[in-house]
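Okay, everyone, let's get started. Have a look at the model on the screen, and I'll talk you through a few spots in it.

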Amino acid sequence: MNHPKREEWVPYLFGEATPQTRDKLTEHLQNCPDCAAEIAGWRQSLDKLDRWKLPRMRARSAQGPPPLLKWGVAAALLLGAGVGLGRWSAPAVDSNALRTRIEASVKSSLARELQRQFNANLQNALRTAGGQITNEFRTQLNSALAGVVDASAVETQRQLGELVQAFNRAREEDRQITFSWIEQIQKQHAADYLSLRTDLETVASLTDEEIRRARQSLNRLAANKSNSEP
Amino acid sequence: MGRVNYLSSLFSMTDEQAMWRVQTQDDHRAFVHLLERWEEPIGRLCARMTGDLHRGEDLKQETFARVFEKRKSFQPNARFSTWLWRIALNLCYDELRRINRRGESPLDADENTTSAVVREFAAETPAPDAQMAEREEGELVRRALLQLPEIYRGVLVLRHYENLKLREISEILEIPEGTVNSRLAEGLAQLTRILEPQFDERRGRLNPFQADGAADLRKRAGKPADIPDISAPSSRRGLHLKTVNL
């Protein structure tokens, strides 16, 4: 017989097979004891999976009693029930043993709850404390910053003043240097002018002399010419 | 009045709309809305994957912290639930790897389980015998699931306990649907091989006159050759006798 592949049974088992496949596989199961046994085993395993139940794990909401209280009530109820049962059912039931057992487990879970509660509280406290510390720190930091800013403003003013003074001083020096330079240059100019002038005068007097001499020689030449020509 | 309108709009909001608000406006009320809608299933998934209620609770919180952290990377055209399941499942895998590295065994029925038992006990106590039996069987199932490789446990938990469709699971795990099917088949086969003898033994112990038919069925079914035999070591066989000790 041609057996379907194992994975083909999966959609069938979970009700996701197409109608044709479903019919085909159902027919196969009716004719094949091997496959029928295997699939029956799988089905049983799926049923068995349901035996593992989880308690509802809804997170503790803001409403509703706090877990500690709930556990307290549960513990009280349990203890009451245990004691009552023990009393009522006389010697056959070892109520003490029962109670110590229940007490032990309830105690341990109470302790755990307490621990958790304590942790939560501690964390809250830490958080708020952290917030406060941060605020305090911030204000201190602000005031310190403000002080620093003020101080630095004063300092800046002072330095600016110094800078201005230095600047003015430098400018004054500059001006004086420039003046002295200009004076020097003027003196030089005057000296140059003087020497130039004397030079010019010398040239002029020399030129005069020369002209006079030229004129005399011209006159002499003219006299010589008229003497030679009758 | 505005507040009432706001709250009623929150109430009728889809997950994707709420996530959009969280993403774009850091709207903490929308986030609380998502949290309230999803914390129960996510907590169940994490508890079932790790076999531990308290660890499940921690992982659930970590999942939502991660959702808020990664809110900007949520794709607006994606489905919120798919994204959320994926984050939770990956965190579970990480945690299981850590547990393995530390060499702890989540198989041990620790005080957490005891406290869960106490809680159940405190809630309702109709028929102690029947309840006790059911708790013992529940413990067997918890252990059997923990013995399965994680990839098989994951698909089983999502499909059976959380009732997700095979297609959704393939989207969450980002694997083809055929792979989901073969993982489920393998998971169911292994689970059956672990649980069947244990339950048979239990029933035999509780009611020695009743012969069980399951063993015959098992014999007739035979075992496919490609599956390694992972039936529980003998030391584990008697565990269920002492697991519930209230």
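So, Leu84(B): setting aside neighbours within four places in sequence, Leu84(B) is in contact with Trp38(B), Ile42(B) and Val67(B). In contact here says that the C-beta atoms of two residues, placed from the backbone, lie within 7 Å.

Before I go on, this is a predicted model, where local features need pLDDT of at least 70 and side-chain atom pairs count only at pLDDT 80 or more, while totals for chains, interfaces and linings use all residues. Residues are numbered from 1 along each chain as its sequence is written, and chains are lettered from A and ligands numbered from 1 in the order in which they are written.

Back to Leu84(B), which is among the residues with the most contacts inside the largest nonpolar core, a set of 50 residues. Cys46(B), Ala88(B) and Cys92(B) are also on that list, as are Ala144(B), Ile169(B) and Leu184(B). Helix α5 of chain B, residues 80-102, gives the largest share of this core, nine residues. And where does this core lie? It lies between domain 1 (1-106) and domain 2 (110-246) of chain B, because both give residues to it. Those bounds come from an automatic or database domain assignment. By nonpolar core I mean buried Ala, Val, Leu, Ile, Met, Phe, Trp, Tyr and Cys residues joined through C-beta atoms within 7 Å. Buried is 20 or more other C-beta atoms within 10 Å of a residue's own, exposed is 12 or fewer, and partly exposed is in between, with C-beta atoms placed from the backbone.

Zooming out, chain B has 12 helices and zero strands. Helices are DSSP runs of H or I, at least four residues, strands are runs of E, at least two, and the numbering starts from the N terminus. Of the 246 residues in chain B, 32% are buried.

Now α7(B), where the buried residues include Arg135(B), Glu137(B), Arg142(B), Arg143(B) and Ala144(B). That helix covers residues 128-147, and its 20 residues should span 28 Å at 1.5 Å a residue, which agrees with the 29 Å between its end C-alpha atoms. The expected span is 1.5 Å times one less than the number of residues.

Last, two loop residues. Most residues other than glycine have a negative phi. Asp26(B), though, has a positive phi near 50 degrees, and sits in the loop between α2 (15-25) and α3 (28-50). Is Asp26(B) buried or exposed? Exposed, because 11 other C-beta atoms lie within 10 Å. Glu174(B) has a positive phi of about 55 degrees, in the loop between α9 (166-173) and α10 (177-206).
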